[in-house]
Amino acid sequence: RFIAKPCALSLGIQDSGAHRAQPNAILEKVFTSITKSPDAKRLEGLAKQLDWDVRKIQRWFRHRRNQDKPTTLRKFCESMWRFTFYLSIFFYGIRFLWTAPWFWDTRQCWYNYPFQPLTSRLYYYYILELAFYWSLMFSQFTDIKRKDFLIMFVHHLATIGLITFSYMNNMVRVGTLVLCLHDASDFLLEAAKLANYAKYQRVCDAFFMLFGVVFIVTRLGIYPFWILNTTLFESWEIIGPYPSWWLFNGLLLTLQVLHIIWSYLIIRTASKALVRGKVSKDDRSDVESSSEEEEGTANSTKGVLSTSSNGSNRLNGHVAPGQWTGE
């Protein structure tokens with residue numbers, strides 16, 4: 001409200017919604033009670049009842065659907081908040097872990113376990129991350145609805161479960177590695193969204209491509225060969241099997257499955273971008289489900305590039321001059 005909104009306005013992002021549909025009690029009742037996208041038979045019936053042209057009714061329903069979509073300003077503010085947090089917590093984590101012995105030797109995560117001291121810096125790092133993911137768990141029901149809502153819900157559950165479980169079992173050393181690794185790419189995605197909303201398409205595409213590279217390297221390379229290696233094998237070797245070992249690694253493996261799904265979507269988006277010359281749609285996440293409705297065959301040939309990350313033209317929802325979310 002006090003930082004993101006003024007920034008958005010200074011970049012020329014207006015707080016204006018879509019064209020509002022003409023008030024009509026009959027069509028409004030159909031829209032709210034029956035269907036938001038009537039079929040041909042219902043359209044013909046409404047046309048006879050109102051003495052309207054079928055195309056006029058189609059246009060009314062399109063406008064009515066669009067007016068419920070979030071504005072670009074709202075999406076910009078949401079992405080800027082997340083960008084600020086991800087960037088800040090990532091640098092805090094890197095600064096903290098740089099002097100931690102387990103950052104350079106993962107076997108240090110298990111020596112003298114579970115009698116390892118919990119320092120104040122480690123404690124605050126953990127609590128900040130846990131608080132943020134709890135906020136995402138609740139805010140996803142009020143934030144802009146994304147295509148990957150269910151996947152993100154599972155991700156938040158697994159993340160909160162891992163943070164809480166590892167804290168209770170004093171597995172915080174390896175937990176900090178997991179947290180820092182995940183924060184490494186998230187702020188790049190939000191940066192791409194911000195550029196997309198501001199219609200800096202080249203910047204948006206550059207950030208998205210960088211995000212894709214960092215995401216795939218960290219989630220498909222470093223995560224399994226560094227994190228999972230120490231939790232599955234080094235821990236077994238140093239402290240032996242323990243009852244919670246199965247649950248802990250089960251949650252970590254769940255995250256890896258999600259990483260593979262997202263990496264596939266990112267690669268597919270990037271390949272389309274290479275063919276078209278720009279990022280055209282974020283298959284990974286934030287293309288809002290509400291924004292996927294097309295305006296009809298008359299507009300079907302328009303560019304569909306939104307933004308790269310989280311918004312109306314993004315990769316996780318970014319809208320750019322080249323429209324990459326969809327209108």
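Mentor: Let us begin with accessibility: a residue is buried under 20% relative accessible area, exposed over 50%, and partly exposed in between (1.4 Å probe, protein chains only). The model is predicted, so local features need pLDDT of at least 70 and side-chain atom pairs count only at pLDDT 80 or more, while totals for chains, interfaces and linings use all residues. Residues are numbered from 1 along each chain as its sequence is written, and side-chain values use heavy atoms, with hydrogens and water left out.

Trainee: Is N112 buried or exposed?

Mentor: N112 is exposed, because its relative accessible area is 55%. N112 also has a positive phi of about 65°, although it is not a glycine.

Trainee: Where is N112 found?

Mentor: Helices (H or I, at least four residues) and strands (E, at least two) are DSSP runs, numbered from the N terminus. N112 is found in the loop between α6 and α7. P114 lies in that loop too, between α6 (101-104) and α7 (120-139). The peptide bond from Y113 to P114 is cis, with omega near 5°.

Trainee: Which other residue can I study for a positive phi?

Mentor: Consider D51, a residue other than glycine, whose phi is near 60°. D51 belongs to the loop between α3 (40-50) and α4 (54-66). With a relative accessible area of 68%, D51 is exposed.

Trainee: How many aromatic pairs does a search of the whole structure find?

Mentor: Rings of Phe, Tyr and Trp (its six-membered ring) pair if their centres lie within 6.5 Å; planes under 30 degrees apart count as stacked, over 60 as edge-to-face and the rest as tilted. The search of the whole structure finds 27 aromatic pairs. One of them is the tilted pair of W98 and F103, at 6.2 Å centre to centre with 40° between the planes. W98 counts as exposed at 52% relative accessibility, whereas F103 counts as buried at 17%.

Trainee: Why is the pair of W110 and Y113 edge-to-face?

Mentor: The planes of W110 and Y113 stand at 70° and the ring centres are 6.1 Å apart, so the pair is edge-to-face. W110 is buried at 1% relative accessibility, and Y113 is buried at 18%.

Trainee: Which residues do ring pairs link into a cluster?

Mentor: The cluster is formed by W81, F85, Y86, F132 and Y133.

Trainee: Which residue lies over the face of W52?

Mentor: A charge sits over a ring if NZ of Lys or CZ of Arg is within 6 Å of the ring centre and within 35 degrees of the ring normal. Here K56 lies over the face of W52, at 4.3 Å from the ring centre.
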